[in-house]
Each structure stands twice: as structure tokens, then as C-alpha cells.
Amino acid sequence: MKTSAKFYHAGCPVCLEAESAIARYLDPTKVDLEIIHLGSAKNRVAEAAAAGVKSVPALVIDGHPLHVNFGAALSDLT
């Protein structure tokens, strides 16, 4: 069974660099990764907040948020 992961970001340089690294290092045979650009999908900001995301970029794996770096506060995206 694959692990479910969501990578939330806002499209800033910090976020794009983290996206590249995350996508490169997670094994697609083991992890089902969805990449969500919150700058383009503002309707998913509430989803990210409900998952515990406080800032982006952030990776949520099986419901556990991991804040990768600081590009922007989630509140800045609303």
C-alpha cells in the first residue's frame, strides 16, 4: 500500500526548490504525491490549514504536516 502525501506550496522560489527536491527524492512506487500550488488553488488553503499546515512549503504525509522551509505563512495566501 502506498503512502499518501500532499506537498503544498505558493510558487515562490523557496517553494519551487523544495518541490523539486521532494519530487526527486520520494519514491513514486511507495508514495502517492499530490503537488498543490496554493497560489493557483486558493480554494484548497482551508484544506491545508485543516491538515496542520502553518506555512509553505509543507509536506503532509499520512496526515502529519512537515514544514520544509519558510516561503510564506498560510495566512498570507488568503
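A nonpolar core is a set of buried Ala, Val, Leu, Ile, Met, Phe, Trp, Tyr and Cys residues joined through side-chain atoms within 4.5 Å. Buried means under 20% relative accessible area, exposed over 50%, and partly exposed in between (1.4 Å probe, protein chains only).

The model is predicted: local features need pLDDT of at least 70, side-chain atom pairs count only at pLDDT 80 or more, and totals for chains, interfaces and linings use all residues. Residues are numbered from 1 along each chain as its sequence is written, and side-chain values use heavy atoms, with hydrogens and water left out.

**Cores**

The largest nonpolar core has 14 residues. Those with the most contacts inside this core are Tyr8, Leu38, Ala48, Val53, Val56, Leu74 and Leu77. Helix α2 (45–50) and strand β3 each supply at least two of its residues. Strand β3 gives the largest share, three residues. Helices (H or I, at least four residues) and strands (E, at least two) are DSSP runs, numbered from the N terminus.

A second, separate core has six residues, among them Ala5, Ala18, Ile22 and Leu59.

What does Val53 touch, leaving aside its neighbours within four places in sequence? Val53 is in contact with Tyr8, Ala48, Ala58, Val60, Pro65, His67 and Leu74. Contact means heavy atoms within 4.5 Å.

**Sheet and helix**

Four strands form an open sheet with mixed pairing. The order is β2-β1-β3-β4. Strands β2 (31–37) and β4 stand at the edges, each with a single partner strand, so one side of each is left without a neighbour in the sheet. The twist averages 15 degrees from one strand to the next. Two strands pair if DSSP finds at least two bridges between them.

Strand β1 (residues 3–9) is joined to β3 by four bridges, and the two run antiparallel. Phe7 stands opposite Leu59 in β3. Helix α1 (residues 13–25) lies across β1, β2, β3 and β4. This helix runs at about 160 degrees to β1. Axes are lines fitted to C-alpha atoms, for helices over the stretch in contact, and angles run from 0 to 180 degrees between N-to-C directions.

**Backbone points**

Where is Pro57? Pro57 is in strand β3 (residues 55–61). The peptide bond from Val56 to Pro57 is cis, with omega near 5 degrees. Asp62 has a positive phi of about 45 degrees, although it is not a glycine. Asp62 lies in the loop between β3 and β4 (64–73). At 46% relative accessibility, Asp62 is partly exposed.

**Cysteines**

How many disulfides does a search of the whole structure find? The search finds zero. Cys12 is in no disulfide, and the nearest cysteine sulfur, that of Cys15, is 3.1 Å away. A disulfide is a pair of cysteine sulfur atoms within 2.5 Å. Cys15 is buried, at 0% relative accessible area.

**Salt bridges**

Side chains of opposite charge can pair when their charged atoms come close. A salt bridge is a side-chain nitrogen of Lys or Arg within 4 Å of a carboxyl oxygen of Asp or Glu. A search of the whole structure finds three salt bridges.

| Pair | N to O distance |
|---|---|
| Lys6 and Glu47 | 3.2 Å |
| Glu34 and Arg44 | 2.8 Å |
| Arg44 and Glu47 | 2.9 Å |

Salt bridges that share partners join Lys6, Glu34, Arg44 and Glu47 into one network.

Lys6 and Glu47 meet in a salt bridge. Lys6 lies in strand β1 and Glu47 in helix α2, so the pair ties together parts that are 41 residues apart in sequence. Lys6 is partly exposed, with a relative accessible area of 26%. Glu47 is also partly exposed, at 28%.

Glu34 forms a salt bridge with Arg44. Glu34 lies in strand β2 and Arg44 in the loop between β2 and α2, so this pair ties together parts that are ten residues apart in sequence. Glu34 is partly exposed at 31% relative accessibility, whereas Arg44 is buried, with a relative accessible area of 19%.
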